[in-house]
Amino acid sequence: MHDSLDYIWPHIEYCDPIFEESLVRSWNDDAFEKLRRSGVLEQAEATDYFACPYCEDTYLEEIIAWETPAGIQRLAIPCHEHGRVILSPEQLRQWSVSFDRLVYLLAAGLGIAGEAVQIEPWRLWRLGKINWQGGLRDVLFTRGFDARCAISSPPDLSRYPNAIVLLPHAETSRVKWEHHVPTVVSLPEVATLRADGIEFDHSIMLPMIAEADAIARVASESRLNMQDLKLIISREVKSIQTHELTDEILVRAYIQEGSFRKAAEFLSRETGQEITKDKVHRAVQRSGGTTALARGEDSDSIVRTVASQRRDRTKKIQRRPEDKQDK
Ligand SMILES: [Zn+2]
């Protein structure tokens, strides 16, 4: 079963998400009613254009409004095939997301008291602070910065180095942060709409934050960017004539890409060899696993060894019997 919020997360990135009446009525499990009752969806201005509901090839026609001699308002569109198509006001209704309400419910779901502050209009909010491992951390919500919106770069969050950032994206690793890489939480993975508000699944969210902290820390400690990583990989493959990559590179690819599968896809693409996600997984395990990375135990050594790769390559080539199984 869908969570009702799953219907709106993919649209949240649009500058001004608008949902037509026919769309919200097609959602399952009373999702529209739940979203409307929660206040996350609110009625927007009715549309001025509509496509003939009876035609296969849909094109938008401007809506004509007039009053009958009896004083009743009528709405219609012209259609080449069906002539004048009368529409009801309900058909023309549209719905939009109330970001004030969404942000309020997110904050309440995390137990944050007080009012959220809009930092950048309709794109960045500060919800307040939560307790995290004995300290307080800011919680931010941001949206509206990918290709679906006019503003196409994420906000600069370097003013909030310790913040936990809630994102509407299912795949948070795809966000290309230009400045500071923050600790991010994927809302579609942890948030569920209930009758009394938004509930967070802490069993998923807590490890997600720990892992995102590790990724953010390594990103900030290291000056390596994707370009450098690609360079190192192609240099390594070229110079040693092997597709066995060092643990450091496998781990870095994992940290960079955010999942074993994506790291394997990235490395496969870059090297032209098939790198399995198991191979990436084993390298991460050898480095102490994701928990150790999250605790930062190995992050220094990973950064150092990858950075020193160019000077001291031979030391980094690790051939292990279990790697052979990948081929
Ligand atoms: Zn028609």
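Close-up 1. Buried here means 20 or more other C-beta atoms within 10 Å of the residue's own, against 12 or fewer for exposed and anything in between for partly exposed, with C-beta atoms placed from the backbone. Strands (E, at least two residues) and helices (H or I, at least four) are DSSP runs, numbered from the N terminus. This is a predicted model, in which local features need pLDDT of at least 70 and side-chain atom pairs count only at pLDDT 80 or more, while totals for chains, interfaces and linings use all residues. Residues are numbered from 1 along each chain as its sequence is written. S12 runs parallel to strand S11 (residues 135–142), joined by 3 bridges, and Leu140 sits opposite Val165. S12 also pairs with strand S13 (residues 183–186), again in the parallel sense, over 4 bridges; there, Ile164 stands opposite Thr183. Two strands count as paired if DSSP finds at least two bridges between them.

**Close-up 2. Helices H8 and H9 crossing.** Look at helix H8 (residues 260–271) and helix H9 (residues 277–286): their axes come within 8 Å and cross at roughly 115°. Axes are lines fitted to C-alpha atoms, for helices over the stretch in contact, and angles run from 0 to 180 degrees between N-to-C directions. H8 and H9 are therefore roughly perpendicular to each other; that label covers 65 to 115 degrees, with under 35 being roughly parallel, over 145 roughly antiparallel and the rest oblique. H8 brings Phe260, Arg261, Ala263 and Ala264 to the contact, and H9 brings Lys277, Val280 and His281. Contact means C-beta atoms, placed from the backbone, within 7 Å.

**Close-up 3. The well-buried helix H7.** Of the 11 residues in helix H7 (residues 247–257), 10 are buried, so H7 is largely enclosed by the rest of the structure. Charged names turn up in the buried set too, including Asp247, Glu248, Arg252 and Glu257, where charged means Asp, Glu, Lys or Arg, nonpolar means Ala, Val, Leu, Ile, Met, Phe, Trp, Tyr, Cys or Pro, and the others, Gly among them, are polar. Just past the end of H7, Gly258 takes a positive phi of about 90°.

**Close-up 4. The open sheet S1-S8-S2.** Here 3 strands line up in the order S1-S8-S2, with antiparallel pairing. Strand S1 (18–20) and strand S2 (41–44) are the edges, each pairing on one side only. The twist averages 40° from one strand to the next. S2 and strand S8 (residues 94–97) are joined by 4 bridges, and Glu42 has Ser96 as its bridge partner in S8.

**Close-up 5. The open sheet S5-S6-S7.** Another open sheet of 3 strands has the order S5-S6-S7 and antiparallel pairing. Strand S5 (64–67) and strand S7 (83–87) are at the edges with a single partner strand each, so one side of each has no neighbour in the sheet. Its twist averages 40° from one strand to the next. Between S5 and strand S6 (residues 73–79) there are 4 bridges, with Ala65 partnered by Leu75 in S6.

Conventions: Contact = placed C-beta atoms within 7 Å.
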